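Please open the structure in a viewer and keep the sequence panel at hand.

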Amino acid sequence: MTASSLNEAVFLSALPHPASQAVTLALTAFAILAAAPGAVPQFENVQPASGVGFVLAHAPTPDKRLIETMPGGLAAFDYDNDGLVDLFFANGNATAAAAKASPAFHNRLYRNTGSLRLVDVTEQAGLSGRGYAMGAAAADYDNDGHIDLFVPGVAQPTLYRNLGTGRFEDVTSAAGIKPSPWSVAAAWLDVDRDGRLDLFVVNYLAWDGSADRFCGDRARNLRVYCHPKYYTGLANQLYRNTGDGRFEDISVSSGIASHVGKGMSVAVSDLDGDGRDDLFVTNDGVPNFLFRNLGGARFEEVGLLAGVALPGFGRPVSSMGVAAADLTGDGRPDLVVTALRGETFPVFVNDGNMIFHDGTHATRVAAASSARSGWGIAVADLDNDTRPDIVTANSHVNDLIDQFESSPYREPNALLLNRGATFEDVSGRAGAAFATTSAAHRGLVAVDLDNDGRLDLVTTSLGGPVEVWKNTGPAGHWLRLRLRGRRSNRDGLGAVIGVGDRRLTMGSAAGYASSTLQGVHIGLGANPQVPRLEVRWPSGVVQVLDAVVADRVVDVTEPEQ
């Protein structure tokens, strides 16, 4: 379908049109400063002026319970459909018990009121939560137009249905979601392309607080968090959406349950270009998993054969967060993983046909990451120059690491700008505070909080306040696509956007135990319009838009054909 044949299917918001049109281009203009060659995006921490007063309460104890060092996931999504993205934060607890010990441990939802001001609406929304929460995954699983929320945690994950009234309802039991000893992250995807979102849950360890052992240096009475090698791993879980508000556990029949790991996070992407979403799972201290989608709700684990189970040096690392994105501009999604100091942040470059090679050194990510420990990660075009950049939330896992080696526990975030074939560490030039604010960082999302076309950053840190980093530019032109499925799932998760040779995927899972759902952000550099834009919907429908003007939010609805 070309521009000349779109006729009633495409309208500019400046023209009168019914809300029921197949494709609506909602155009809101913003002033954009084009990025000069070699320019570095600048970030300013606008917390606490933003109103986001969340502090990640992880309840550290002398016993060094392993759960204390692992939380920090967050979600960015528009829960009230007002066009502004809101923020949800998963929080810890004094114990792993069912009830939150006090309001200090409540999960928190902040409603975005515009101009980078947010207000706490947790109680009104019914999202204070229970137990020791770890992360968040947002998506409209029941296709009612309201984004729902899954919160993984220790022994008691929670599924919240968005009622569309500003409130959420706990439907965990009614939906058939089962507990796991410890779930860290999750992802929504349509595994069987039936138009309904299914749920993949990333499980970590069979942890029991009463069985914690002493790890560290007894002679100096220095107790540290134990390495995951001392605990039994867990299989992940896959739930098929049956369309009646319930989920069927297909972990065994799908082949997912056959593989026991120590899962931390998950990236969802069609890695082999066959039209089906695959799952890459980071494992802590053991080989990563790559679940290839065979169709029919069946998966095959091919991590070792694909070259992503281990970095090029052949040893498993402490794989934490992960992002899937086309780093090289060849149309194939690559993978970037955060890990601990000395392990580098592995970059797996997609060669096609489900084969990857280790590009960590060739892209210069090795040099930029070898002295850092990373958790949250986002691969996003922060300067809108058409090339996706890498930003990480950093900190070591052990708060006493400086007593055993010359490594800091708290670290500042890092920004690696995509310069084409390589990445340049520009952390120190992205704003003084960005490079010097050291904390026990965990979760991270890249999202446009103020709708100015530049992606902002939000990070969490253990025992500390949220950091809300406003992107002040400079930046090039941009587009943001907000998808609405008809035959596909409502959010369009799994849709692939083609812009020239680039391919971008509509997804929800983000970094470490986190989630973003704001549409697909496309940096355009100096280009004031996109000559041709292709949307390949999960249903198989291909939609083409020609001559799309830049610096706009574009609402695209899947054709009924």
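Which residues does L149 touch, not counting residues up to four places away in sequence? Select L149 and display its contacts, that is, heavy atoms within 4.5 Å. With those sequence neighbours left out, L149 touches A75, F77, F88, L127, A136, A137, A138, T158, L159, Y160 and F168.

Before continuing, please note that this is a predicted model, in which local features need pLDDT of at least 70 and side-chain atom pairs count only at pLDDT 80 or more, while totals for chains, interfaces and linings use all residues. Residues are numbered from 1 along each chain as its sequence is written, and side-chain values use heavy atoms, with hydrogens and water left out.

**The nonpolar cores**

L149 and W188 touch the most other members of the largest nonpolar core, which has 55 residues. A nonpolar core is a set of buried Ala, Val, Leu, Ile, Met, Phe, Trp, Tyr and Cys residues joined through side-chain atoms within 4.5 Å. Buried means under 20% relative accessible area, exposed over 50%, and partly exposed in between (1.4 Å probe, protein chains only).

**A buried glutamate**

Next, select E467, in strand β32 (residues 467-473); strands (E, at least two residues) are DSSP runs, numbered from the N terminus. E467 is buried but has no salt bridge, a term for a side-chain nitrogen of Lys or Arg within 4 Å of a carboxyl oxygen of Asp or Glu. The nearest side chain of opposite charge, R410, is 9.6 Å away; here Lys and Arg count as positive and Asp and Glu as negative, while His and the chain ends are not counted. Now show N413: its side chain makes a polar contact with that of E467 (3.3 Å). Such a contact is a pair of N or O atoms within 3.5 Å; within protein, one must be able to donate a hydrogen and the other to accept it, and residues adjacent in sequence count only if both atoms are side-chain atoms.

**Salt bridges**

The whole structure holds 30 salt bridges. Select R223 and D63, whose side chains form one of them (3.9 Å, N to O). R223 lies in strand β13 (residues 222-223) and D63 in the loop between β1 (42-45) and β2 (74-77), 160 residues apart. R223 is buried, at 19% relative accessible area, whereas D63 is partly exposed, at 45%.

Finally, select K64 and D399, a salt bridge with its closest N and O atoms 2.7 Å apart.

Methods. Helix = DSSP H or I, 4+ residues; strand = E, 2+ residues; numbered from the N terminus.
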